[in-house]
Amino acid sequence: MNIVVGVSGGIACYKAAEVVNALVRNGHHVDVIMTKNAREFVAPLTFQTLSRNKVVTDMFQPAENWDVRHISLAKKADVFAIVPATANVIGKIACGIADDMLTTTMMAAKCRRVIAPAMNTAMWENPIVQENIKKLISCGYEVLDTDSGHLACGDEGKGKLLPWEEIVTAILDGGSGLRRKEGE
């Protein structure tokens with residue numbers, strides 16, 4: 001299976017490395033797209049090493065082959081997952097904003113699209129974020145639930161990224177028990 005993993009810039013993005021590693025170990029081809037903010041937390045070399053593929057970080061990085069990279073990745077993908085999906089990226093996608101490689105490629109994707117949110121509890125509970133999630137679900141995106149617990153900022157509550165094993169399950173076989181349903 002061809003899987004594109006988008007990594008956006010929250011503290012939980014280091015956990016995306018385990019997701020990529022597990023997918024590759026299970027025999028899947030994984031391409032990684034990282035936002036500028038994600039690169040502040042984890043270096044692209046980490047994902048390049050784990051995926052065994054060059055990490056896409058910029059809309060305008062020189063192409064090795066002639067292709068329109070965001071379109072070719074979108075067409076190639078059987079599943080496109082964003083791990084973690086920050087409030088910012090969720091909002092951009094819900095509003096159709098495509099201003100970086102991750103959001104542009106997601107807008108072009110016609111495959112299964114899985115969103116694994118992670119953010120502070122107050123952000124997670126914000127009515128705007130919840131409306132954006134409902135909008136994505138109504139548009140056919142699979143939005144995973146979040147976990148509860150101790151967050152990096154010291155708060156306790158909902159918004160924590162699911163364990164990487166559960167995200168891998170959701171990517172590979174739908175993980176229907178992990179998805180939020182419309183109206184939740």
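Let me begin with a term: a polar contact here is a pair of N or O atoms within 3.5 Å, where, inside a protein, one atom must be able to donate a hydrogen and the other to accept it. With that in hand, look at glutamine 130 in this model, which is a predicted one: its side chain reaches the backbone oxygen of tryptophan 124 at 2.5 Å. Glutamine 130 sits in helix α7, which covers residues 127-138, and, because its relative accessible area is 16% and the cut-off for buried is under 20%, glutamine 130 counts as buried.

Let me step back to the whole chain. The protein has 8 helices and 7 strands, and 51% of its 184 residues count as buried. Its accessible surface comes to about 8,700 Å², with 52% of that belonging to carbon and sulfur atoms. If we take the contacts with a separation of 6 or more, residues 24 or more positions apart account for 71% of them.

Which residues have the most contacts inside the largest nonpolar core? They are Val7, Phe47 and Ile167, in a core of 32 residues. The elements that give two or more residues to this core are the helices α1 (16-25) and α8 (164-173), together with the strands β1 (2-7), β2 (29-34), β3 (79-85) and β4 (112-117). Among these, α1 gives the most, with 7 residues. There is also a second, separate core, made of 28 residues and including Val56, Ala87, Ile90 and Leu136.

Valine 7 deserves a moment of its own. Leaving out residues up to four places away in sequence, valine 7 touches a list of partners that includes Phe47, Val32, Ile33, Met34, Val83 and Leu102. Valine 7 belongs to β1, which runs over residues 2-7, and β1 is mostly covered, with 5 of its 6 residues buried. β1 pairs with β2 in the parallel sense over 6 bridges, and within that pairing valine 4 stands opposite aspartate 31 of β2.

Aspartate 31 comes up again when we turn to asparagine 53, which is in contact with His29, Val30, Asp31 and Gln48, once neighbours within four places in sequence are set aside. Asparagine 53 lies in the loop between α2 (44-51) and α3 (69-76), and, although it is in a loop, its 17% relative accessibility means that it counts as buried.

Is α5 enclosed or exposed? Because 6 of its 8 residues, in the stretch 101-108, are buried, α5 is largely enclosed by the rest of the structure. The buried residues are Met101, Leu102, Thr103, Thr104, Thr105 and Met106.

Finally, the cysteines. A disulfide is a covalent bond between the sulfur atoms of two cysteines. How many disulfides does the structure hold? The count is 0.

Methods
Residues numbered from 1 in each chain as written. Predicted model: local features only at pLDDT ≥ 70, side-chain atom pairs only at ≥ 80, totals over all residues. Heavy atoms only, no water. Core = buried A, V, L, I, M, F, W, Y, C linked by side-chain atoms within 4.5 Å. Buried < 20%, exposed > 50% of the residue type's maximum accessible area, 1.4 Å probe, protein only. Helix = DSSP H or I, 4+ residues; strand = E, 2+ residues; numbered from the N terminus. Contact = heavy atoms within 4.5 Å. Areas by Shrake-Rupley, 256 points an atom, 1.4 Å probe, with all protein chains shown as cover. Disulfide = S-S within 2.5 Å. Pairing = 2+ DSSP bridges.
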